[in-house]
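Trainee: Could we go through this structure together, one question at a time?
Mentor: Happy to; have a look at it first.

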Amino acid sequence: NFRAQSSGPHREGELRGPKVVTMTKLAQWLWGLAILGSIWAVLTMGSLGLELPSSYQEVLWPLPAYLLVSAGCYALGIVGYRVATFHDCEDAARELQSQIQEARADLVRKGLRF
């Protein structure tokens, strides 16, 4: 005989609100890519019976490759910008240097030679 355990302060038989499910960024990106890919496939394969001019189809076919290259350039630009504007933590560096000096002094007191 299996009984579900009640989680939280709810009493048995009490109605609970709907469970809220949050999407991760990965899931959001995958959904977005799936929707865009579906729209691209419908437009390029002619599934809806739309007759697009040939100039539109010439742009639609390589569009995923253009978007991929554009996303890569954007990512490289963001990484380059973040590296260029990286802030040094001078206070933390001084603190770390003092801790290193304390550790060396302690090791010298214990007989270790450098």
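Mentor: Let's start with Thr44, which is found in helix α1 (residues 25–45). Keep in mind that this is a predicted model.

Trainee: Is Thr44 buried or exposed?
Mentor: The cut-off for buried is under 20% relative accessible area. Thr44 has a relative accessibility of 9%, so Thr44 counts as buried.

Trainee: Which backbone oxygen does the side chain of Thr44 reach at 2.9 Å?
Mentor: The side chain of Thr44 reaches two backbone oxygens that we can look at in turn. The backbone oxygen of Ala41 is reached at 3.4 Å. At 2.9 Å, the side chain reaches the backbone oxygen of Trp40.

Trainee: Now to charges: how many salt bridges does a search of the whole structure find?
Mentor: Side chains of opposite charge can pair when their charged atoms come close. A salt bridge here needs a side-chain nitrogen of Lys or Arg within 4 Å of a carboxyl oxygen of Asp or Glu. With that criterion, the search of the whole structure finds three.

Trainee: How are Asp91 and Arg94 separated in helix α4?
Mentor: Their side chains meet in a salt bridge, with N to O at 2.4 Å, and both residues are exposed. Asp91 and Arg94 are three residues apart in helix α4 (residues 90–109), so their separation is about one helical turn.

Trainee: What is the distance between the closest N and O atoms of Asp106 and Arg109?
Mentor: Asp106 and Arg109 are also three residues apart in helix α4, and therefore separated by about one helical turn. They form a salt bridge, and the closest N and O atoms are apart by 3.3 Å.

Trainee: What is the relative accessibility of Asp106?
Mentor: Partly exposed lies between the buried cut-off, under 20%, and the exposed one, over 50%. Asp106 counts as partly exposed because its relative accessibility is 27%.

Trainee: Which residues do salt bridges that share partners join into one network?
Mentor: Asp106 bridges to Arg109, and the side chains of Lys110 and Asp106 meet in a salt bridge at 3.6 Å, N to O. Arg109 is exposed, with a relative accessible area of 63%, and Lys110 is exposed at 65%. The shared partners join one network of Asp106, Arg109 and Lys110.

Terms used: Residues are numbered from 1 along each chain as its sequence is written. This is a predicted model: local features need pLDDT of at least 70, side-chain atom pairs count only at pLDDT 80 or more; totals for chains, interfaces and linings use all residues. Side-chain values use heavy atoms; hydrogens and water are left out. Helices (H or I, at least four residues) and strands (E, at least two) are DSSP runs, numbered from the N terminus. Buried means under 20% relative accessible area, exposed over 50%, partly exposed in between (1.4 Å probe, protein chains only). A polar contact is a pair of N or O atoms within 3.5 Å; within protein, one must be able to donate a hydrogen and the other to accept it, and residues adjacent in sequence count only if both atoms are side-chain atoms.
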